[in-house]
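Please look at the sequence and the 3D structure shown below before reading on. The report that follows describes how the chains are built and where they meet.

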Amino acid sequence: MAQFNLPQNSKIEVGKYYKDETNSKNLKKVNVYRWDPSSGKNPRVDTFEVDMDTCGPKVLDILFKIKNEIDPSLTFRRSCAHGVCGSCAMNIDGVNTLACIKSHTDINGDLNVYPLPHLKVVKDLIGDLSTLYKQYESIKPWLQTEQTGKEKEELRQSQKDREKLDGYYECILCACCSTSCPSYWWNGDKYLGPAVLLQAYRWINDSRDGDKKERLKKVADELKLYRCHTIMNCTNSCPKGLNPAKAIGSIKKMLATS
Amino acid sequence: MDKNNTPLSPHLQIYKWQISSLLSITHRIVGVINTLAITIICFWSLSLLFGVEGYQIINNFLKSFFGKFIAVGLCWTFSFHILNELRHLFWDLGYGFDLKVSKITGVSVLVGSFLLTILFYLIGKNFI
């Protein structure tokens, strides 16, 4: 049975308030989820007053500004800062997205930043994604062929077959979709979730792959696949504009018609 | 680091409702209500077999304001469930996954369910 409330040790407390010291007139209040594993305390939400006149346009810029100028202990993942790597996925203003491509000017009022939902927190805004990576590994995200390696010719793919992977190969595995899915919240240990299922479809749909039937058979499971009830939070949150719900629908359709 | 003490990040508490998720959970709740309603309606028709009195009790209840409210409410739950189920059927056929399309169909389901309810009411009142 799904647990809708947060466990006792995860209840969020009111944290510190960092008042602006720059005398700026253009302030934004930023509420950030904090948890320090060494403190032994419950997670809290700290509020920072940030001067918007000297801040870059994206949410990631705000986080950097806080880390550089207000509290250096703020912890978050980031790498490319251009929406390519998927490291800075977090829950911003109630929806999962990448901090590096989300403009804070789109958000009226206070800005709320939380880690990706329903994950074990490592520290502050970093969630533990190891279950998701294990599930990703379970779908064998690599080409399966009967080739021995001694063939003289490479595996060719027509332009048309290649186009079938459009909208799927672009996935950067940031986990925004999977952690936005209520089904994945309640059954994350068994249900594969939108990100992994989209990847599964990407390999099922690859004309060069020789293991299509086996892949379909493996994913055809009451819990692994059919826990998707087309809630569509995944598609709503995907920062790359992909459609995991459609990918899952396509797998279901393939299974129904094969 | 104590693994057991690791907190769970907030989920339902912070996630913003989308039209799609709202309709999805409504579909589920309404489905449960409909199942109960059908059972009760079956018992109601069964009560016909046991004479006027048993039937009259439920009939009087349905004629009261509260009863009428429930009857109209059930018209809505059935309308909503049927229309949203149509949406699910199209999804199963592989259509309507586009974000814009699913939003339009979602809103149409909601508006349509109220229109159907009004239609049922007017038919029930012999206006049509």
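Into which domains is chain A divided? Chain A is divided into domain 1 (8–127) and domain 2 (130–148 + 155–257), where the domain bounds come from an automatic or database domain assignment. This is a predicted model, in which local features need pLDDT of at least 70 and side-chain atom pairs count only at pLDDT 80 or more, while totals for chains, interfaces and linings use all residues. Residues are numbered from 1 along each chain as its sequence is written, and chains are lettered from A and ligands numbered from 1 in the order in which they are written.

The C-alpha centres of domain 1 and domain 2 of chain A lie 30 Å apart. Strand E5 (residues 95–98) of chain A gives 4 residues, the largest share, to the side of domain 1 that touches domain 2; helices (H or I, at least four residues) and strands (E, at least two) are DSSP runs, numbered from the N terminus.

Between the chains, 37 residues of chain A are in contact with 24 residues of chain B, two residues being in contact if their C-beta atoms, placed from the backbone, lie within 7 Å. Helix H8 of chain A gives the most to the side of chain A that touches chain B, with 6 residues.

The largest nonpolar core has 61 residues, of which Met90(A), Ala99(A), Val113(A), Leu197(A) and Ala200(A) touch the most other members. Such a core is a set of buried Ala, Val, Leu, Ile, Met, Phe, Trp, Tyr and Cys residues joined through C-beta atoms within 7 Å, and a residue is buried if 20 or more other C-beta atoms lie within 10 Å of its own. Helix H5 (residues 193–204) of chain A gives the most to this core, with 8 residues, and the core draws at least three residues from each of domain 1 and domain 2 of chain A.

Chain B has 4 helices and 0 strands, and 18% of its 128 residues count as buried. The C-alpha atoms of chain B fill a box of roughly 70 × 40 × 30 Å, taken along the principal axes.

Definitions and conventions: A residue is buried if 20 or more other C-beta atoms lie within 10 Å of its own, exposed if 12 or fewer, and partly exposed in between; C-beta atoms are placed from the backbone.
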